[in-house]
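Hi,

Here is the structure I said I would pass on.

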Amino acid sequence: MSSPENRSLRMIQRAQNGAMDHHFVGIPELTGVPRVAVVIDVMRAFTVAAWAFSRGVEKIVLASTESEALALKESRPGWLALKDGAPAPGFDAVNSPGLLRSRDFAGRTLVQKTTAGTVGALAVADTPLVLCASFVVAGPTARFLQTRDCGPVTFVVTGEGGQADEDLACAQYIGRCMAGDDVEAAPYLHRARTSRAAAELAGGLRSGFHPDDVDLCLEIDRFSFAMKACREESLTVLRPVAVPAIEP
Ligand SMILES: O=C(O)[C@H](CS(=O)(=O)O)OP(=O)(O)O
Ligand SMILES: [Mg+2]
């Protein structure tokens, strides 16, 4: 349950976000099925997903448990599995952009299970339009939403029960970009760099970590695609969607 203080903070955040009355909610606060959801996990699930696509992954299947991830991998020849935390038997990768960036995943399907990001995406899997995002795909995500003229968005702030400032900053940045504002990324990136998650990652408190992870999570618009999650049969599947840059 969110406290009255948190609820009023969210109302202020909504008001500060300009004409579009976007919603910023944690996973525990999700009720009903939004029209459009953007699920944010800067550190590290959706930075990792973007890097995986850049290394050739064709699609990412989101799993709700580690045992489901392993079962999915075993059920399809050639599929790979990734989890957060320490490396574990049966898993082919961990949730670290620094540890993924030199891997070759050409044409592979990756099953991903993490603590926050994948949980948030699965929580809104029935939503008609779901994007998963982080700073490395923030601009393309905003442009994709602009082209759809989709109206107010529900941003799912996946970390820390909706309080993770790296995720909230990224969500607010995307919301401002959607409005067509000329937005300076630096203040939003600074919030992420000084977040609790960044401190824990940099301090070696999280497993499956590479020293470059924080920097890699803060590369604004490193990639030119958005990431769209859809139901495919009984699975929730994330795929990259190319988004053209705006002509200067
Ligand atoms: O791998 C991550 O960064 C986190 C898990 S933990 O906080 O490091 O244990 O998962 P994510 O779902 O990417 O936030
Ligand atoms: Mg996170």
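Let me begin with the contacts, where contact means heavy atoms within 4.5 Å. Among contacts in the protein between residues at least 6 apart in sequence, 75% join residues at least 24 apart.

Before going further, some housekeeping. This is a predicted model, in which local features need pLDDT of at least 70 and side-chain atom pairs count only at pLDDT 80 or more, while totals for chains, interfaces and linings use all residues. Residues are numbered from 1 along each chain as its sequence is written, chains are lettered from A and ligands numbered from 1 in the order in which they are written, and side-chain values use heavy atoms, with hydrogens and water left out.

**Overall picture**

The C-alpha trace spans about 50 × 40 × 40 Å along its principal axes. A compact globule with 248 residues would have a radius of gyration near 18 Å, and the protein agrees with that at 17 Å. (That radius is taken over C-alpha atoms, and the globule rule is 2.2 Å times the number of residues to the power 0.38.) Of the 248 residues, 53% count as buried; buried means under 20% relative accessible area, exposed means over 50%, and partly exposed is in between, with a 1.4 Å probe and protein chains only.

The secondary structure comes to ten helices and ten strands. These are DSSP runs numbered from the N terminus: helices are H or I with at least four residues, strands are E with at least two.

**The sheet**

Two strands pair if DSSP finds at least two bridges between them.

Some of the pairings are worth a look:

- Strand 7 (residues 129–133) and strand 9 (residues 225–232) run antiparallel and are joined by two bridges; Val130 has Ala229 of strand 9 as its bridge partner.
- Strand 9 and strand 10 (residues 235–242) are antiparallel too, with eight bridges, and Cys230 partners Val237 in strand 10. They form a hairpin with two residues between them, and Glu233 in the turn has a positive phi of about 55°.
- Strand 3 (residues 59–62) is joined to strand 10 by three antiparallel bridges, with Leu62 partnered by Thr236.
- Strand 3 also pairs with strand 6, in the parallel sense, over four bridges. There, Ile60 stands opposite Leu110.

Which way do the side chains of strand 3 point? Lys59 and Val61 go one way and Ile60 and Leu62 the other, and all are buried.

**Helices around it**

In helix 3 (residues 66–75), the buried residues are Ala69, Leu72 and Lys73. They fall within an arc of 100° seen down the axis, so they line one face of the helix; the arc is that of the directions from the helix axis to the C-beta atoms. These buried residues pack against strand 3, strand 4 (80–83), strand 6 (109–113) and strand 10, whereas Ser67 and Glu74 are exposed on the other side of helix 3.

Helix 8 (residues 186–193) has Tyr188, Leu189 and Ala192 buried. Their arc around the axis is only 95°, which puts them on the same side of helix 8. They pack against helix 7 (165–178) and helix 9 (196–202).

Trp51 sits in helix 2 (residues 45–54) and counts as buried because its relative accessibility is 6%. Leaving out residues up to four places away in sequence, Trp51 touches Pro97, Arg101, Leu216, Glu219, Arg222 and Phe223.

Thr118, in helix 5 (residues 117–123), counts as buried at 0% relative accessibility. Apart from neighbours within four places in sequence, Thr118 is in contact with Phe46, Leu62, Ala63, Gln112 and Lys113.

Finally, what are the protein donors of the magnesium ion (ligand 2)? They are Asp41 (OD) and Met43 (O), at 2.2 to 2.3 Å from the ion, and Asp41 and Met43 are both buried. Donors are N, O and S atoms within 2.8 Å of the metal (3.2 Å for Na, K and Ca); water is not among the atoms, so the site may look incomplete.

Cheers
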